[in-house]
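Here's a quick briefing on a few spots worth a look. Have the sequence and the model open as you read.

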Amino acid sequence: MVAPEEKSNLLRSPSNQTHTHLIRQSSLYKPLTTYALEKEKQYQQQYGDMYFLRLTKLKPAVESIAEEAWRDFHIAGEAVEKVERVLDVRQGKLCWVAGTIYMDMPLKPNILDDISKDHWISAPAPRQKYLSPTGEDLIMLEDESGRLRLVGAPLADEMLVTGCIVAVMGTENANGDFEVVDIKVPDLPPQAERWHTSDSTSNRKDDVDVDTDMDVDKPPSKKIAIVSGLGFSGTDADHSLEINLLAEYLLGEALDPTTQESVSQISRLIIAGNSVTLDNEAVSHDTIGNTRKTQKKYGYDSSAYNPTPTKHLDDFLATLLPSIPVTLIPGYSDPANVSLPQQPIHPAMFPQARTYSSIPPRAGEAAEPGWFDTVTNPWDGEIEGWKVLGTGGQNVDDVFKYVESEDRLGMLEAMCRWRCVAPTAPDTLWSYPFQDDDPFVMNSCPHLFFVGSQPKFDTAEIEGPDGQTVRLIAVPKFAETRELVLVDSETLETSVVRIAVV
């Protein structure tokens, strides 16, 4: 049968057009184990040691900046002097001292709130902010010697939370409070150049230089896809169609050939927390639909477990993994330990996707990351030569409760300049009680710092005193915004793909 000539007719003769065979760009990827814990964990130690460890590590950096800034500073002919300890501050003497900020806020969580849950007194609802409406909040500076209350106008312009290390300059007044004139933070740590973040990737830079010198066409730049808050649920399927469309987009099965060619440049997908959601109001049923008994108050109740969300996540991952490597960061609602640093979600939760996990190394060999890499939260690693740092969002959500500002990117920048990923841990953010080191302290400056599960997408680039540059990204919840973030691996510029059903 001969096909009609009308262009509107679906019956057409076979086309002789040749289609380009698309190949996904490979990913240069090296995960680091900065936040991995030992298998044998101890919880007998005191949490307060973490703040002294943090002060010991960051005090030299902030003192160096303060010394340079205030070396020749005078007020009314009086030169400022450095004091070593908080308790060495004297009334009427112009001085500066370094220490740890502690926010004394009546509305912060209290252990008595947890105790009240086991009695007839109802516990208060979770608060969006810890700020007191009556102005009862106090800002303290403490070290191993004692604590000093800070007052003064400069504090209103500075974002401060419990756990950040600062240096303050001023004088003690008649009330025993320290009148702050100026304040300094450690600022961004040293930053290595791209391809020189570790020895294993330093040779790659030489290869790139050789390719640049040769008069050949450079391949298109790769892209890193970041998504957060997928929110797989056992009871809510409102955005299941958008998730299916997201999978089709990442696999290159949707839209036109031009878009598919662009999708082939995505070399890795990072899932930044809250892949499953908490179904607090869900009613448990057995395999034949009968309602189960009420959940036990104490101990583990296996009848309350709902495997459906993780089953949906496993199906989603198993669909993507044959085509694209995936890095999975846990979040607050994911099946991992609650306290930071959250350890990788166990591969047993993913019967299908774990096939793509790393193979256990032989004796004496280094472990190689698999196509499916379950990592810690926070997590750091190297992608395409860049130092990357990311979290599931709990650190920013907790800092948000301390300050009046709604600027999430400002909080990300403050963490970089404090050199601390989770400053409020362990005060109001659950954490493992480290004794020998504080891994939340940034020893080196990342090139890319992202945080998941945020209300909306936002991005900015900040600079440090020594030429450091950091790309900050607030990754929105996909379940609410239907947005996927793409990062160019050459420029670290960002773009957003919105998955919508119209």
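Helix α1 has a kink of about 45 degrees at L58, shortly before the proline P60; the bend is the angle between axes fitted to the seven residues ending at a residue and the seven starting there. This is a predicted model, where local features need pLDDT of at least 70, side-chain atom pairs count only at pLDDT 80 or more, and totals for chains, interfaces and linings use all residues. Numbering starts from 1 along each chain as its sequence is written, and side-chain values use heavy atoms, with hydrogens and water left out.

**Helix α1**
- Spanning residues 49-70, α1 has 22 residues and reaches 30 Å from first C-alpha to last, close to the 32 Å expected at 1.5 Å a residue (1.5 Å times one less than the number of residues).
- L58, where the kink lies, is among the buried residues of α1, as are R54, K59, E63 and W70 (buried means under 20% relative accessible area, with a 1.4 Å probe and protein chains only).
- The cover over those buried residues includes β4, β5, β6, β8, β9 and α8.

**S132**
- S132 sits in the loop between α2 (111-116) and β6 (138-142), and counts as buried because its relative accessibility is 13%.
- The S132 side chain makes a polar contact of 3.1 Å with that of T134 (a pair of N or O atoms within 3.5 Å, one able to donate a hydrogen and the other to accept it; residues adjacent in sequence count only if both atoms are side-chain atoms).
- Beyond neighbours within four places in sequence, S132 is in contact with L107 and D137 (heavy atoms within 4.5 Å).

**Q394**
- Q394 lies in helix α7 (residues 394-400) and is buried, at 11% relative accessible area.

Conventions
Helix = DSSP H or I, 4+ residues; strand = E, 2+ residues; numbered from the N terminus. Buried < 20%, exposed > 50% of the residue type's maximum accessible area, 1.4 Å probe, protein only.
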